[in-house]
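Work through these exercises with the model open beside you. Try each task before you read its solution.

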Amino acid sequence: MVNPGLIFDLDGVITDTAEYHYRGWKQLADDEGLPFTREDNEALRGVSRRESLNLLLKGKQIPEETAQEWMTRKNNYYKAYLEDITPADLLPGARSFLEAAINAGAKIGLASASRNAKTVLACLQITNMFDVIGDGYAVQNTKPAPDLFVWVAGGFQLPVTRCIVFEDAEAGVTAALRAGMKCVGIGPHERVGQAHLVCDGLHDVSLEQIMALETA
Ligand code: BG6
Ligand code: MG
């Protein structure tokens, strides 16, 4: 039988760029005199740049031209932080888990809402570990829509039932389940408890556990 496909979210699964996204939005919020806290930032986890801006605005209306300028400004702040990312920023267990999965013959995919995902992979020096890379440009409907995961499965040429997703965001877990895939949730039960298996990170699961999920 053909080996399964493993699909990884990026931020919070392979590396932790959530802090940099927070600092980028915080700088923008401070520039514009908008209240924005770390607690507010939790709701932005895994959602698109546009939806993040909507959440930051908390209902405040701004012209489209201003929205575009604000998103560009936040992205420029974020990109400046990315310059500091190195392979040392891989989360614990990420490299060894990916290596074990590749050695076992699994297909490896990325499914990230970020338009900066390819830059982050390059900074981490892991681009060539991936067979298929789905980023913020791949599909129109972002998580919790299932589209990005289905797009990656198509790239693998595997049915969705042969794919297992690793996600740290509630919206990402919902998207994986809607795609008809098995899902490993990374983080607290309150956030990812809908997943088939919940753990603290890639250091906390074995490939055997994951492969067993496929037939569970
Ligand atoms: C996701 C992050 O991976 O990408 C979100 O978890 C972010 O916080 C989203 O908003 C979009 O990222 P970018 O880099 O395209 O603004
Ligand atoms: Mg994430």
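**Exercise 1.** Which residues in helix 3 meet which residues in helix 4?

*Solution.* First, the ground rules. This is a predicted model, where local features need pLDDT of at least 70, side-chain atom pairs count only at pLDDT 80 or more, and totals for chains, interfaces and linings use all residues. Residues are numbered from 1 along each chain as its sequence is written, chains are lettered from A and ligands numbered from 1 in the order in which they are written, and side-chain values use heavy atoms, with hydrogens and water left out.

Step 1: find the elements. Helices (H or I, at least four residues) and strands (E, at least two) are DSSP runs, numbered from the N terminus. Helix 3 covers residues 49–57 and helix 4 covers residues 64–82.

Step 2: list the contacts (heavy atoms within 4.5 Å). Helix 3 supplies Arg49, Arg50, Leu53 and Leu57. Helix 4 supplies Glu64, Ala67, Gln68, Trp70, Met71 and Asn75.

Step 3: sort them. Ala, Val, Leu, Ile, Met, Phe, Trp, Tyr, Cys and Pro count as nonpolar, Asp, Glu, Lys and Arg as charged, and the others, Gly among them, as polar. The contact of helix 3 with helix 4 has five nonpolar, two polar and three charged residues.

**Exercise 2.** At what angle do the axes of helix 3 and helix 4 cross?

*Solution.* Axes are lines fitted to C-alpha atoms, for helices over the stretch in contact, and angles run from 0 to 180 degrees between N-to-C directions. The two axes come within 11 Å and cross at roughly 105°. Helix 3 is therefore roughly perpendicular to helix 4. The cut-offs: under 35 degrees is roughly parallel, over 145 roughly antiparallel, 65 to 115 roughly perpendicular, and the rest oblique.

**Exercise 3.** Which residues coordinate the magnesium ion (ligand 2)?

*Solution.* Step 1: apply the donor rule. Donors are N, O and S atoms within 2.8 Å of the metal (3.2 Å for Na, K and Ca); water is not among the atoms, so sites may look incomplete.

Step 2: read off the donors. They are Asp9 (OD), Asp11 (O) and Asp168 (OD), at 2.0 to 2.1 Å. Their spacing in sequence is D-x1-D-x156-D.

Step 3: check burial. Buried means under 20% relative accessible area, exposed over 50%, and partly exposed in between (1.4 Å probe, protein chains only). Aspartate 9 and aspartate 11 are both buried.

**Exercise 4.** How many disulfides does the rule give?

*Solution.* A disulfide is a pair of cysteine sulfur atoms within 2.5 Å. The count is zero. For cysteine 163, the nearest cysteine sulfur is that of cysteine 183, 12 Å away. For cysteine 199, the nearest is again that of cysteine 183, at 9.8 Å. Cysteine 163 counts as buried because its relative accessibility is 0%. Cysteine 199 is buried too, at 5%.

**Exercise 5.** Is tyrosine 22 buried or exposed?

*Solution.* Tyrosine 22 lies in helix 1 (residues 18–32). Its relative accessible area is 10%, so tyrosine 22 is buried. Leaving out residues up to four places away in sequence, tyrosine 22 touches Phe36, Thr37, Arg38 and Asn41. The C-alpha atoms of tyrosine 22 and phenylalanine 36 are 9.3 Å apart.

**Exercise 6.** What covers the buried residues of helix 8?

*Solution.* In helix 8 (residues 170–178), Ala171, Gly172, Val173, Ala175 and Ala176 are buried. Their cover includes helix 7 (147–156), strand 4 (163–167), strand 5 (182–186) and helix 9 (189–192). Just after helix 8, glycine 180 has a positive phi of about 80°.
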